[in-house]
Amino acid sequence: MDVLNALVLLSNFVLLPAVSYGSQLALGALGITLIYGILRFSHFAHGDVMAFATMTVILVTWWLQGMGVSIDPLPTALLALPVGIAITALLLLGTDRVVYRFYRRVRAAPIVVVMASLGVMFVLNGLVRLIIGPDDQYFADGARFLFTVREFRDYTGLEEGVGLRVSQLITIVVTLVVVAVLFWFLNRTRTGKSMRAFSDNEDLALLSGINPERVVTVTWLIVAVLVTVAGTLYGLDKSFKPFTYFQLLLPMFASAILGGLGNPLGAVAGAYVIALSEVGVTYAFRKFLQYLLPESLEPSGLAQLLSTDYKFAVSFVLLVLVLLFRPTGLFRGQSI
Amino acid sequence: MSLKHASYFAIMAVLLVLVGWLQSWSVAMGLFNMCLISAIMALGVNIQWGYAGLFSVGTMGFVALGGLAAVLTSMPPVPAAWSAGGLRVLAALALGAAVILVSVLIYRKMAKGVGRAVALTITIVVGFFVYRAVLDPAVDAIESVNTAAEGYLGGMGLPIVLSWAVGGLLAAGAAWVIGKISLGLRSDYLAIATLGIAETIIAILKNEEWLSRGVKNVNGLPRPVPYEVDLQQSADFLAWAEWLGLNPVEASSLFVKACYAVIFIVVLALIMWLSERAWNSPWGRMMRAIRDNETAARAMGKNVTKRHLQVFILGSAVCGIAGAMLTTLDGLLTPGTYQPLRFTFLIWVMVIVGGSGNNWGAVLGGFLVWFLWIEVEPIGLWLITNLTSTMAEDSAIRLHLLDSAAHMRLLTMGVILLLVLRFAPRGLIPER
């Protein structure tokens with residue numbers, strides 16, 4: 001019984017949060033890895049594009065709420081998602097047209113394009129703060145819990161319980177769907193195959209008649225979907241704050257590198273590794289150990305490996321370990 | 001430097017004088033001091049990017065280490081905290097270092113296989129728990145010593161100017177570690193790794209209260225220049241202020257800022273002189289050769305990874321020096337205020353706008369971009385007030401825009417960076 005209690009406790013405080021956070025990171029990291037594979041630069045504006053996308057979803061959600069539209073028990077934001085994706089796609093295609101296309105034409109060094117993405121990062125940062133402000137915004141509505149900790153306890157008769165939040169369930173389901181569709185697209189459709197060909201060998205792809213501008217456009221469209229879904233899910237699960245989204249850049253990049261830059265499967269795996277380590281390392285294991293250990297061995301402190309402020313250090317340490325021991329990432333990314 | 005480039009500096013001077021004239025001389029002097037510090041930071045980034053083409057976005061971390069150095073050097077030590085747990089903390093840190101050293105030895109010396117993996121895991125896990133067992137009680141003891149005002153070990157009580165060198169050394173040490181790991185790999189890896197180290201350093205400063213008082217901040221750092229209050233008491237100074245026709249409060253504030261400016265100019269001139277010497281030396285030529293064609297430089301027998309490490313450390317050290325100077329000027333260390341946009345990416349804008357690969361360009365960029373960063377806000381406010389003057393006094397859009405004028409600076413910086421990259425990629429003062 002104690003073992004069961006300990007496991008339930010762990011699922012509630014470590015596994016579930018880590019899986020939903022990992023799913024959000026995975027969607028973000030997939031975008032970074034796709035851009036790296038096809039446009040061949042590190043997209044530093046990713047966090048801020050995510051903030052912009054989520055902001056549009058929030059604004060549409062507020063408008064819908066004002067109109068009295070609701071899909072209770074699901075959050076209204078899901079209804080606003082397609083609009084957000086469309087606007088974000090326009091934004092991304094617009095920045096590509098205004099900023100990045102020029103550098104593609106002159107075949108600029110990747111690092112110059114990275115600089116340009118820093119410029120885009122600043123602009124979006126300012127734009128988001130101008131429109132919605134720098135503060136926290138909560139936009140989740142509908143039912144909060146599928147079942148609460150109390151309901152779970154009453155039902156199973158255990159001392160500990162698991163509560164499943166609606167936002168967590170949505171995150172997991174939506175991520176599964178999006179990732180499945182993405183992989184189907186990349187592996188099965190003609191356009192997806194041409195994207196992978198372009199990523200593997202640009203010259204050969206051009207030689208076989210693949211239109212590079214079309215590949216780039218499709219990539220930005222996919223990124224728009226990924227980034228809007230990721231940002232909205234993160235915002236529903238926690239809250240929306242422009243600076244937090246900017247800070248997600250580090251764990252997202254760490255996930256992409258951990259899995260191997262340019263490798264979509266790796267990005268997903270890397271994201272879950274990062275999320276699980278971040279949550280696990282900063283969780284206080286005292287209660288968990290109390291169930292498992294005899295009383296004499298119980299820890300006196302919180303049994304927390306690191307305080308929560310160090311969550312960014314976790315991404316960093318994992319990144320360093322990968323760089324030291326397997327620089328191409330867990331799943332062998334591109335070695336450009 | 002041609003006449004055209006000299007005129008840029010002249011325009012910059014005019015802009016600062018205009019601020020003095022339109023706003024106040026005290027504001028202009030404060031702005032000037034921050035411009036000097038920004039110029040030094042830009043020089044540091046220019047050494048990494050302009051000389052060697054290294055893309056490091058960890059400037060914030062090195063600047064923060066400089067700030068920590070200012071505290072560790074200049075604040076008086078807290079004897080009660082030292083006797084409560086100072087030595088135990090040092091012992092714990094030594095223990096931690098020993099664990100890492102032993103792990104590295106095991107990894108290097110033992111044959112690859114299950115045995116090595118087990119030995120490594122045991123060393124690291126046991127080492128971590130022993131380290132925490134020694135560290136935690138010591139930290140608790142230190143942090144409970146006079147928590148409201150102290151609760152940390154304090155510094156060494158030395159003159160604060162010394163801390164500028166210490167800040168450089170601390171930053172150089174951190175750069176050595178991070179460079180060892182991520183240089184020699186793909187260039188993007190250095191960028192992400194430095195982004196990570198910067199966040200980690202800030203996390204340490206915020207969290208390790210025994211070291212830096214964390215988010216409780218360290219106030220009242222000693223100054224290398226006189227205090228305004230003392231000046232206002234001094235008869236000589238009062239006579240002098242009267243002779244200039246200034247009121248004592250304003251005169252003292254101006255005098256203190258001028259003192260800082262003089263010291264900062266000396267440091268900037270020194271770093272500038274060294275940078276120019278390095279740029280024109282055979283070493284500088286070699287760095288440019290490596291930057292422009294790594295493969296060719298390697299074929300000529302240059303050790304590219306080692307040179308990259310060297311230049312990365314040098315640039316980071318300069319950023320550390322600037323960080324210590326900044327904390328000295330502020331007189332307090334507030335770990336919560338370090339933000340990557342302001343302390344990393346803004347410095348990059350300075351270097352790109354000024355002209356990467358040209359030290360004068362970096363200095364000009366530091367001045368100009370800092371000036372805009374501060375002045376865009378009042379200008380934006382003025383613009384919005386005038387543009388929206390036809391709207392109703394309490395129009396929601398107008399009030400919202402007035403509230404958000406502060407964010408105009410981010411937008412402006414982005415637009416400037418994009419325009420310069422596109423239309424003048426070599427910057428205002430291009431590389432010779």
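# A working chat on chains A and B

Biologist: Is Arg107(A) buried or exposed?

Modeller: Arg107(A) is exposed in this predicted model, because 6 other C-beta atoms lie within 10 Å of its own, and the limit for an exposed residue is 12 or fewer.

Biologist: Where is Arg107(A) found?

Modeller: Arg107(A) belongs to the loop that runs between H3 and H4 of chain A. Its phi is positive, about 50 degrees, although Arg107(A) is not a glycine.

Biologist: What kind of peptide bond joins Asp72(A) and Pro73(A)?

Modeller: That bond is cis, with omega about 10 degrees. Most peptide bonds are trans. Pro73(A) is placed in the loop between helix H2 (46–67) and H3 of chain A.

Biologist: Turning to helices, how many residues does H12 of chain A have?

Modeller: Helix H12 of chain A, residues 264–281, has 18 residues. From its first C-alpha to its last, H12 reaches 26 Å, close to the 26 Å expected at 1.5 Å a residue.

Biologist: Which residues of H12(A) are buried?

Modeller: Among them are Pro264(A), Gly266(A), Val268(A), Ile274(A), Glu278(A) and Val279(A).

Biologist: What covers the buried residues of H12(A)?

Modeller: The cover includes helix H1 (2–38), helix H6 (166–188), helix H11 (249–259) and helix H14 (311–325) of chain A.

Biologist: How many residues does the contact between the chains take from each of them?

Modeller: The contact takes 36 residues from chain A and 35 residues from chain B. On the side of chain A that touches chain B, the elements giving two or more residues are helix H3 (77–105), helix H4 (110–132), H11 and H14 of chain A. H4(A) provides the largest share of that side, 15 residues. By class, the side of chain A that touches chain B has 26 nonpolar, eight polar and two charged residues.

Biologist: Over to chain B, then. At what angle do helix H10 and helix H11 of chain B pack?

Modeller: Helix H10 (residues 235–244) and helix H11 (residues 248–280) of chain B pack at about 100 degrees, and their axes are 10 Å apart. H10(B) and H11(B) are therefore roughly perpendicular to each other, because angles of 65 to 115 degrees count as such.

Biologist: Which residues meet there?

Modeller: Phe237(B), Leu238(B), Ala241(B) and Leu244(B) in H10(B) meet Pro248(B), Ala251(B) and Ser252(B) in H11(B). The residues of this contact comprise six nonpolar, one polar and no charged.

Biologist: How is chain B divided into domains?

Modeller: Chain B has domain 1 (3–77 + 154–423) and domain 2 (78–152). Their C-alpha centres lie 34 Å apart. The contact takes seven residues from domain 1 of chain B and 11 residues from domain 2 of chain B.

Conventions: Residues are numbered from 1 along each chain as its sequence is written. Chains are lettered from A and ligands numbered from 1 in the order in which they are written. This is a predicted model: local features need pLDDT of at least 70, side-chain atom pairs count only at pLDDT 80 or more; totals for chains, interfaces and linings use all residues. Helices (H or I, at least four residues) and strands (E, at least two) are DSSP runs, numbered from the N terminus. The expected span of a helix is 1.5 Å times one less than its number of residues. A residue is buried if 20 or more other C-beta atoms lie within 10 Å of its own, exposed if 12 or fewer, and partly exposed in between; C-beta atoms are placed from the backbone. Two residues are in contact if their C-beta atoms, placed from the backbone, lie within 7 Å. Axes are lines fitted to C-alpha atoms, for helices over the stretch in contact, and angles run from 0 to 180 degrees between N-to-C directions. Angles under 35 degrees count as roughly parallel, over 145 as roughly antiparallel, 65 to 115 as roughly perpendicular and the rest as oblique. Ala, Val, Leu, Ile, Met, Phe, Trp, Tyr, Cys and Pro count as nonpolar, Asp, Glu, Lys and Arg as charged, and the others, Gly among them, as polar. Domain bounds come from an automatic or database domain assignment.
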